[in-house]
Amino acid sequence: MNILFVSSEVEDLAKTGGLADVAKALPVSFKKVGHDVRIVTPFYQTSNNVENAKDVLTGVELHAGEQTYKYNVKSVELHGVTIYLVDYPAYFDRKGIYSDGYEAYDDNGERYAFFSMAALHLAQLLEFKCDIIHCNDWHTGLIPYYLKKHWSDNAFLASAKTVLSVHNGAFQGVFHLDSVPFLAKSGVDHEDAHHGLVNYLKIAVKYATKIVAVSPSYAQELQTDLGSHHMGDYFRNRSADMLGIINGCDYSQWDPAHDPLIPSQYTVENMSGKAFCKANLQQQSHLPVDGDIPLIGMVCRITDQKGFGYLIPILENILHHNVQIVMIGTGDPNLVSQIQAISDKHRSKFYFLHDFSLKFSHLITAGSDFFLMPSLFEPCGLNQMYSLAYGTLPIVRAVGGLKDTVKDLEADPAEANGFVFNRPDSEELLNCVRKALLFYHEYPQTFEFIRKKAMQSKFNWHDSAMKYEALYRSIAP
Ligand SMILES: Nc1ncnc2c1ncn2[C@@H]1O[C@H](COP(=O)(O)OP(=O)(O)O[C@H]2O[C@H](CO)[C@@H](O)[C@H](O)[C@H]2O)[C@@H](O)[C@H]1O
């Protein structure tokens, strides 16, 4: 099949979170089984690995009403997959991807309205006859709409079907039409602009051929009032065309036996390298080097989504135990300053690195005993899968993809690979952390058993890709 995979971020080029991981791994899996898959993404000032990008189209014109947008298309190869880079400096030659700090650019609606149309425009100019156009989150949410309204007579695009992956329904792309001249000028149906506001995710859910949530539990949650980010009616209206497909873990990047980013490799049969990684992590985190103290790691965007609202109030209670915490993350300045203050107060036990570093994220994953992910909601979650692969036991809330990948010791003793709590509140979280610490100290054999189970848990991208493929086949022209 010919698949156009459109994403605002792609691992190895530009990344702010898990969307990038998926936008690399899934197309690479499609390529391996013989599909002609091409990625489209913006050419950002900060994009990596684009030094040798080739010019594919120069000075092409896209029209919206009387306005003309002149842009270029470059291309690079990533693991055999062609990536088209939409080069429009006025919108993408900036310091950040979505923001220069924490405040989003106020023309993000316009930037991605243009980008989405450019993805279709370039496919047609390059005569890439798409069977499937795979859209990801709100940034590409206008594509199903554009396809229907603007390209229904086009030989290369008319028969294409669209699949929307919902990686994070909390981000919907809501803009005042006045701030999106591209969309306003190219025309938007009255019913899709309520009181002058457009919601890109709602539009995508309405017009996409099929909708995929990134885990089965999240697919169910999106159809409830509680878990739908106020879009329950929209998702329920499309329930016949909606399903959940769990993300995979990219073991070519996340395997302790072959990871070049950690100081010592290890396997389930020989765990001595993990102890070395722990000592190295403690050293780099300016914490006492002691193999017996349980170490809890965290790698995440610092946002309410990740459960900080009920974690921060009990962080000090956790730190009263014989424990160390190492956390890396960037995000909400208010949460960051609260976390930093607690870390400053407990410097010998809690190291917080306010940064984005792939290398340190691998070291935390390898060197920790536990990985804490108490998310309020979690469409899929990737870090718990990475932690499992490294024998770092996840402590998670039973929500979304966390629920689908981590099995609690008490709930499922034979299959347990971590520790799970249910309610999004401080007390349950604290109890769960205490339970995990108890097993570490008092029941080392059980701890080792769970650790082994964790390292044997497998979430191959190939399996996920085959589920997407079956979906594609059910709708492809
Ligand atoms: N400071 C830092 N330094 C280095 N690396 C960092 C980092 N902060 C985050 N990362 C990396 O970013 C990625 C985060 O992925 P997640 O899936 O856990 O969350 P995210 O909420 O961004 O993704 C959304 O999309 C994905 C993909 O579908 C869903 O799994 C998820 O539930 C949904 O919220 C991981 O690769 C992680 O290692």
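Guide: Gladly! This is a predicted model. Let us begin with strand 1 and strand 2 (residues 36-42), which pair in the parallel sense over 5 bridges.

Visitor: What makes strand 1 and strand 2 a pair?

Guide: Pairing asks for at least two bridges. Strand 1 and strand 2 have 5 bridges, so they qualify.

Visitor: Through which element does the chain cross from strand 1 to strand 2, and why is the crossover called right-handed?

Guide: The chain passes through helix 1, making a β-α-β crossover. With the strands pointing away from the viewer, a path that runs clockwise from the first strand over the helix to the second is right-handed, and this crossover is right-handed.

Visitor: How do you know that strand 1 pairs with strand 6?

Guide: The same test applies: at least two bridges are needed. Strand 1 and strand 6 (residues 132-136) share 4 bridges in the parallel sense, so they pair as well. The bridge partner of F5 in strand 6 is H134.

Visitor: Why is strand 1 called largely enclosed?

Guide: A residue is buried if 20 or more other C-beta atoms lie within 10 Å of its own. In strand 1 (residues 2-6), 4 of the 5 residues are buried, so the rest of the structure largely encloses this strand.

Visitor: Which domains is the chain divided into, and how many residues of each are in the contact?

Guide: Domain 1 covers 2-248 + 461-475, and domain 2 covers 272-456. Domain 1 brings 18 residues to the contact and domain 2 brings 12.

Key: Residues numbered from 1 in each chain as written. Predicted model: local features only at pLDDT ≥ 70, side-chain atom pairs only at ≥ 80, totals over all residues. Domains from an automatic or database assignment. Contact = placed C-beta atoms within 7 Å. Buried ≥ 20, exposed ≤ 12 C-beta atoms within 10 Å, placed from the backbone. Helix = DSSP H or I, 4+ residues; strand = E, 2+ residues; numbered from the N terminus.
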